[in-house]
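Here are some comments on the model you sent. They go point by point, starting with a term that the later points rely on.

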Amino acid sequence: MVKSSKGLRRRSRGILSKSPRNRGNPPVARLMRKFEEGEKVCIKIEPSVRSGAPHLRFQGRTGVVVGAQGRMYRVSIMDGGKEKIILSNAVHLTKAK
């Protein structure tokens, strides 16, 4: 009997897949984005960049940038009535509309 995988990216085939035209690495401008403290951001995981990606359960959530920590940004979101701080790279964040 084969054991199922318990890795961090399990059951993510649909969520972390790109269309054929968008495959490959993201543009450099997306890597160098800057966010200010108090700015609203959406978490959209970039599948081709594994470093600094938040957990898969936070995909699609909206939060507020609390501060910076090295190359990462601290994002505050509400999860089940509790405030959580998530560390994420700038590639995985977009400005909220």
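1. A residue is called buried when its relative accessible area is under 20%, exposed when that area is over 50%, and partly exposed in between. By that cut-off Glu39 is buried, because its relative accessible area is 18%. The model is a predicted one, and the values below should be read with that in mind.

2. Overall layout. The protein has 1 helix and 5 strands, and their order along the sequence is α-β-β-β-β-β. The C-alpha trace spans about 50 × 35 × 25 Å along its principal axes. Of the 97 residues, 33% are buried. The accessible surface is about 7,200 Å², and carbon and sulfur atoms account for 51% of that surface. Among contacts between residues at least 6 apart in sequence, 54% join residues at least 24 apart.

3. Charge. Lys3, Lys6, Arg10 and Arg11 form a positive surface patch. One of these, Lys6, lies in the segment before α1 (28-31) and is exposed, at 65% relative accessible area.

4. Salt bridges at Glu46. Side chains of opposite charge can pair when their charged atoms come close. The count here is 5 salt bridges. Lys18 forms a salt bridge with Glu46, with the closest N and O atoms 2.5 Å apart. This pair links distant parts of the chain, 28 residues apart: Lys18 is in the segment before α1, and Glu46 is in the loop between β1 (40-43) and β2 (62-69). Arg30 also forms a salt bridge with Glu46, where the closest N and O atoms are 2.9 Å apart. Arg30 lies in helix α1 and Glu46 in the loop between β1 and β2, so this pair ties together parts that are 16 residues apart in sequence.

5. Exposure of those partners. Is Glu46 buried or exposed? Glu46 is buried, with a relative accessible area of 6%. Lys18 counts as partly exposed at 22%, and Arg30 is partly exposed at 31%.

6. Salt bridge at Glu39. Lys95 forms a salt bridge with Glu39, the closest N and O atoms being 3.6 Å apart. The pair links distant parts of the chain: Lys95 is in strand β5 (residues 93-95) and Glu39 is in the loop between α1 and β1, 56 residues apart. Salt bridges that share partners join Lys18, Arg30 and Glu46 into one network. As for exposure, Lys95 is exposed at 53% relative accessibility, whereas Glu39 is buried at 18%.

7. Ser88. This residue is in strand β4 (residues 82-89). Ser88 counts as buried because its relative accessibility is 1%. Leaving aside neighbours within four places in sequence, Ser88 is in contact with Gly52, Pro54, Met72, Tyr73 and Leu93.

8. Exposed nonpolar side chains. Val28, Leu31 and Met32 form a nonpolar surface patch with about 300 Å² of accessible area together. Val28 is in helix α1 and is exposed, with a relative accessible area of 53%. Met78, in strand β3 (residues 72-79), is also exposed, at 53%. Not counting residues up to four places away in sequence, Met78 touches Arg61 and Glu83. The C-alpha atoms of Met78 and Ala29 are separated by 29 Å, the two residues being 49 residues apart along the chain.

Notes. Residues are numbered from 1 along each chain as its sequence is written. This is a predicted model: local features need pLDDT of at least 70, side-chain atom pairs count only at pLDDT 80 or more; totals for chains, interfaces and linings use all residues. Side-chain values use heavy atoms; hydrogens and water are left out. Helices (H or I, at least four residues) and strands (E, at least two) are DSSP runs, numbered from the N terminus. Buried means under 20% relative accessible area, exposed over 50%, partly exposed in between (1.4 Å probe, protein chains only). Contact means heavy atoms within 4.5 Å. Accessible areas come from the Shrake-Rupley method with a 1.4 Å probe; for residues, only the protein chains shown count as cover. Patches are made of residues with over 30% relative accessible area and no salt bridge: like charges are joined within 9 Å, nonpolar side chains (Val, Leu, Ile, Met, Phe, Trp, Tyr) within 5 Å. A salt bridge is a side-chain nitrogen of Lys or Arg within 4 Å of a carboxyl oxygen of Asp or Glu. Lys and Arg count as positive and Asp and Glu as negative; His and the chain ends are not counted. The place of a charge is taken as NZ of Lys, CZ of Arg, CG of Asp or CD of Glu.
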